[in-house]
Amino acid sequence: MIIVKNSADVKTTPARRRGRPPAFDRETVLSAARETFWVHGYEGASIADLTAAMGITPQSLYAAFNSKADLYREALQQYRGLGANTFSALGEQIDTVSAFERILRGSAATFSAPEHPKGCMISTAVLNCASENDVVADHVAALRRQSLDGFTSRIERGIREGDIKPGTNARALARFLAAIVQGMSVQARDGASHEDLLDIATHAIAQLARHRA
């Protein structure tokens, strides 16, 4: 709670001590910020919401993270680490269909897990925003493009290695799979269960399997 003091109080209040803010565990407070952004989105999460969740003052937030936008970028980076094991399938020595099966089934589990907010923090983040937040929106869009590029590269690798049919439009197929992931995120936010999302994943995997060589 922020208390606004009257002028008399201000005159008698000792000057605020300058220097480093009180120490806190950065990853812990960043995790709290991540959860707040995940629930409310970038624009929906106010500084008051963030500091209440993080258990720090606005001054400490700005001292440690510089700005709300920089805090959001760092929270997104921490979020990406949560799915690192699932998306590592793109680089493993397994066939293409198996790689995407792991990604889709892993996404179904992550998006519906009870221990954190539903859906994907990146898939549907900052789709519409005020013009002053365009830089943040562009950053999130770039993360989505990175995922799309990763999907495309994995399918192209499958073509080269012979487990995906020659002539397959890798970019179009990657867009289809990325759209499935984004759709699963929306469905999860709307209340779809783990089983519901697995059903979606199963249909997507069946479509992908049609491209097996």
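This is a predicted model: local features need pLDDT of at least 70, side-chain atom pairs count only at pLDDT 80 or more; totals for chains, interfaces and linings use all residues.
Visitor: Why is the contact between Glu74 and Arg26 called a salt bridge?

Guide: The closest N and O atoms of Glu74 and Arg26 are 2.9 Å apart. The cut-off is 4 Å between a side-chain nitrogen of Lys or Arg and a carboxyl oxygen of Asp or Glu, so the pair of Glu74 and Arg26 qualifies at 2.9 Å.

Visitor: Where in the chain do these two residues lie?

Guide: Glu74 belongs to helix 5 (residues 68-82) and Arg26 to helix 2 (residues 26-44). The two are 48 residues apart, and the pair links distant parts of the chain.

Visitor: What makes Glu74 partly exposed?

Guide: Its relative accessibility is 26%. Partly exposed covers what lies between the 20% limit for buried and the 50% limit for exposed, so Glu74 falls in that class. Arg26, with a relative accessible area of 32%, is partly exposed as well.

Visitor: Which classes do Arg34 and Glu35 fall into, buried or partly exposed?

Guide: Arg34 has 9% relative accessibility; buried means under 20%, and therefore Arg34 counts as buried. Glu35, at 21%, counts as partly exposed. Their side chains meet in a salt bridge, with 2.8 Å from N to O.

Visitor: How many salt bridges does a search of the whole structure find?

Guide: The search finds eight, among them the pairs discussed above.

Visitor: How many aromatic pairs are found, and why is that of Phe37 and Tyr72 called edge-to-face?

Guide: A search of the whole structure finds six aromatic pairs. For Phe37 and Tyr72, the ring centres are 4.8 Å apart and the planes stand at 70°. Rings pair if their centres lie within 6.5 Å, and planes over 60 degrees apart count as edge-to-face; the pair therefore meets both conditions. Phe37 lies in helix 2 and Tyr72 in helix 5, so this pair ties together parts 35 residues apart in sequence.

Visitor: What values place Phe37 and Tyr72 in the class of buried residues?

Guide: Phe37 has 2% relative accessibility, and Tyr72 has 2%. The limit for buried is under 20%, so both are buried.

Visitor: What makes the pair of Phe100 and Phe151 edge-to-face?

Guide: The planes of Phe100 and Phe151 stand at 90° and the ring centres are 5.1 Å apart, so the pair is edge-to-face. Phe100 in helix 7 and Phe151 in helix 8 are 51 residues apart. Both Phe100 and Phe151 are buried.

Visitor: How do you know that Lys68 lies over the face of Tyr42?

Guide: Lys68 is at 4.6 Å from the ring centre of Tyr42, and the distance limit is 6 Å. Ring pairs also link Tyr42 with Phe37 and Tyr72 into a cluster.

Visitor: Which residues are closest to the centre of the largest pocket, and what classes line it?

Guide: The largest pocket has a volume of about 650 Å³. Of its 29 lining residues, Phe87, Cys120, Ile122, Leu143 and Ser147 are the closest to the centre. By class, the lining has 15 nonpolar, ten polar and four charged residues. Helix 8 gives the largest share, nine residues.

Note on methods
Residues are numbered from 1 along each chain as its sequence is written. Side-chain values use heavy atoms; hydrogens and water are left out. Helices (H or I, at least four residues) and strands (E, at least two) are DSSP runs, numbered from the N terminus. Buried means under 20% relative accessible area, exposed over 50%, partly exposed in between (1.4 Å probe, protein chains only). On a 1 Å grid over the protein atoms alone, a cavity is a set of points where a 1.4 Å probe fits but cannot get out, and a pocket is an open set with protein on both sides within 12 Å along at least five of seven lines; lining residues have an atom within 4 Å of a point. Grid points are joined across faces, edges and corners, and a volume is the space filled by probe spheres set on the points. Ala, Val, Leu, Ile, Met, Phe, Trp, Tyr, Cys and Pro count as nonpolar, Asp, Glu, Lys and Arg as charged, and the others, Gly among them, as polar. Rings of Phe, Tyr and Trp (its six-membered ring) pair if their centres lie within 6.5 Å; planes under 30 degrees apart count as stacked, over 60 as edge-to-face and the rest as tilted. A charge sits over a ring if NZ of Lys or CZ of Arg is within 6 Å of the ring centre and within 35 degrees of the ring normal.
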